[in-house]
Amino acid sequence: MPFTKSQIDDIQDILSSKIKELFKTEEFLNIISTSVADVVLKNASKEIEELNAKVIHLERENKSLQKEVVILKKEMDSLEQCSRRRCLRIFGIKESGSDDPENLVLGVFNGQLKLALQPNDIERVHRIGPKLPNNQKPRPIIVLFHSYKIRQAVFSSKKLLKNSGITIREDLTKYRLQLLQTAAKKFSAHNTWTIDGKIFVKYNGKIKAINTSEDI
């Protein structure tokens, strides 16, 4: 026999009352809060795991990119140094108003170094850096030689300039020059030198190559 409308209304009222009473009980509220917390934590944990995975992936990509940047910088530095292999820098040659760097360096090469260079052995030569008032300190001269062989003949004879006030150094990249200066401060200039753009130091009786700041 089907329920009458009045009976249905009574049943709904009873159920509504019971549900309201149930919502007021501490046990039911604890069950609801625990269930909701479990769902939230489960979803949050999943999102955290996904975020952690993304972070790890990005960190790996970043490390990989950093390594590539370091490799590219080294390659660029090597290429730049290679482009300077026929150059030398001369320090200490006095500067005057009618300055002629080519004749000045040829005078040093052929006089003090006892070589026999000709003007056509030099491709380019000029002073570098801003000129100081009253020529307080002569600017260095950079020389690009016609061949590496001629450049090496000059560089190999530089010891003959000892106590003359004139020094000859290799033309280093900015990065290698900074390494050289740092190494010279730590190991002393006497124990620090370069050969073909490579930096070496003598420490505890052993010769060590300096390729990065970590080697110092």
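Which residue, with a positive phi, follows α3? In this predicted model, in which local features need pLDDT of at least 70, side-chain atom pairs count only at pLDDT 80 or more, and totals for chains, interfaces and linings use all residues, that residue is Lys114, with a phi near 60 degrees. Residues are numbered from 1 along each chain as its sequence is written, and side-chain values use heavy atoms, with hydrogens and water left out.

The secondary structure of the protein chain comes to five helices and seven strands, where helices (H or I, at least four residues) and strands (E, at least two) are DSSP runs numbered from the N terminus. From the N terminus on, these elements follow the order α-α-β-α-β-β-α-β-α-β-β-β. Of the 216 residues in the protein chain, 25% are buried, a class that stands for under 20% relative accessible area, whereas exposed stands for over 50% and partly exposed for values in between (1.4 Å probe, protein chains only).

Helix α3 comprises residues 101-112, and its 12 residues reach 16 Å from the first C-alpha to the last, close to the 16 Å expected at 1.5 Å a residue; the expected span is 1.5 Å times one less than the number of residues. The buried residues of α3 are Pro101, Val105, Leu106, Val108 and Phe109. They lie on the same side of α3 because they cover an arc of only 160 degrees around the axis, the arc being that of the directions from the helix axis to the C-beta atoms. These buried residues pack against β1 (87-91), β2 (122-127), β3 (141-145), α4 (148-156) and β4 (167-170), with contact taken as heavy atoms within 4.5 Å.

Leu177 and Gly197 are 20 residues apart in sequence, and their C-alpha atoms are 9.4 Å apart in space.

Most residues other than glycine have a negative phi. With a relative accessible area of 30%, Ser188 is partly exposed. Asn204, likewise a residue other than glycine, has a positive phi near 55 degrees and is found in the loop between β6 (198-203) and β7 (206-210). Asn204 is exposed, since its relative accessible area is 64%.
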